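Here is a friendly walk through one model, from the whole chain down to a single residue. Please keep the structure open as you read.

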Amino acid sequence: MSSGEPQADAGRALRNDMPRGIAERGSGEVHSRGDAFDASRSPENPDGATPESQNGVTPEGTPSRRRKKRKRGGKRPVSQGLGAQIWQEGHPVPGKATCSGAQNSQTRTQAATTGSLPAVNSPNGEHPHSIAPPRNERGAAKSAEQRPNRYQRRPSTRSTEAPDSQKLYAALDLGTNNCRLLIARPEERGFRVVDAYSRIVRLGEGVGANRKLGEPAMERAIDALANCHRKLAERGVQRSRLIATEACRAAENGEEFIDRVRRETGLALEVVNRETEARLAVAGCVSLVDQQADGVILFDIGGGSSEIVWLDLRNRCGARGFALTRFIRAWTSLPVGVVNLAERHGGVHVTPDIFEAMVQDVEGMLSRSDLGKELTAAMGSGGMHMLGTSGTVTTLAGVHLGLKRYDRRRVDGTWLEDAQVGAMIDRLREMPYEERVENPCIGADRADLVLAGCAILEAIRRRWSCSRLRVADRGLREGILTELMSADGVWSRKNNGRRGRYRGKR
């Protein structure tokens, strides 16, 4: 594939809009009507009977019918309610086995070596926390006198697979500069992040000049990946996708490094192509698209490559959220990112001439792409905006907001006018290296890379001018999670089940 040639992609039809920030559901007991505590019922007096009727005799001296029925082997009354089950869950009968912690750890460790971590089930195929009812020597259920607690739970007949609301998904992105992990649980219309990890490893250091991954860079990456493996095992992740991008694509020893990662960490990384990377970036950020926009220029400035995607929304017919991935009109991927551009021109002491040389370098790559011809014509309507996902744009937003400490909640979704973007680029260009290191939104890890990212953004702005830019502190990991959950149908099954319950009530 040529580096600057645009490609058309119909996109994937993802079913639901998934806004961020949905609160996690409570993990405690479920309470509903009819669960009020009844003081007359207790383990010693489970029937709630009065003292006069506990011996099977009513105050008038007539044998109790309910007692007679139970002696004849009839069914017990089914008026115990949910409250009795909740009480039993909190006070399990002694001597009944639950799932084994050793088995849990062993199964997760074995599954980690294959890249997927399935749920742990008990050896007999039952739910690991189900408790079988007590039986006598003939195999029949014990009578009320033999049974230690009449609220004993019956064995579960449901599938041993974890419900969608409890299943954990993971997405790992090993890029040219960063190693990032995200673990999440599906929610009603989105997902809730339960754990995350990020470390700057600079895996692509020196790849532009040597075409090989260096030993120190591989050591840093493997150390970070080992931490990710530990988190995956501790959390019991059941569905995951672990990807590597430009550094492993471009390096001659990329496949050897992937094999080494599998041997030393147990993680099976997938080296994705640029088209997949562009699609995942769209899937992760498209919920931030303005509902009234006629089109969007989405860009992802990475460490070793930069993807630019055109979403043509003039005929979206009310589609919103992740359904907009169907409207990918064209895309292109440039073999340039903050790491290799900074290595080529320098990133510590950047003069105006050096900065302009970086911009022209990227402009030359954009000029060889045909993406600009159609896109420039479509921008005549004026209803388009930019959507940026990268450390470069989040840094610009943090500096613009004057944050004393980087705060993702304030940065993600921020709108910047075109004049504000230009002012922030000029401000960073005027900062000496030491001041960039001290800035809380930049830091020592990015101080020598941020101006290279600004140069790539400036080249995009010169080619396609939009009045507004929206900042996205999200990207490939969120796109991976969305595609995994959508493929499993976790949201469609919940919606279908809810409609079915309503019909049943009526």
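What percentage of the 506 residues of the chain count as buried? The share is 49%, where buried means under 20% relative accessible area with a 1.4 Å probe, protein chains only. This is a predicted model, in which local features need pLDDT of at least 70, side-chain atom pairs count only at pLDDT 80 or more, and totals for chains, interfaces and linings use all residues. Residues are numbered from 1 along each chain as its sequence is written, and side-chain values use heavy atoms, leaving out hydrogens and water.

The chain has 18 helices and 11 strands, taken as DSSP runs (helices H or I, at least four residues; strands E, at least two) numbered from the N terminus.

Now to a pair of helices, α14 (residues 418–430) and α16. Their axes, lines fitted to C-alpha atoms over the stretch in contact, with angles from 0 to 180 degrees between N-to-C directions, come within 10 Å and cross at roughly 145°. Contact here means heavy atoms within 4.5 Å.

| Helix | Residues that meet the other helix |
|---|---|
| α14 | D418, V421, G422, I425, L428, R429 |
| α16 | V450, L451, C454, L457, E458, R461 |

By class, this contact has 7 nonpolar, 1 polar and 4 charged residues.

Finally, look at N439, in the loop between α15 (433–438) and α16 (450–463). N439 is buried, with a relative accessible area of 14%. Its side chain reaches the backbone nitrogen of C441 at 2.9 Å. Not counting residues up to four places away in sequence, N439 touches V399 and M431.

Terms used. Buried < 20%, exposed > 50% of the residue type's maximum accessible area, 1.4 Å probe, protein only. Polar contact = N/O pair within 3.5 Å; in protein donor to acceptor, adjacent residues only side chain to side chain. Nonpolar A, V, L, I, M, F, W, Y, C, P; charged D, E, K, R; others polar.
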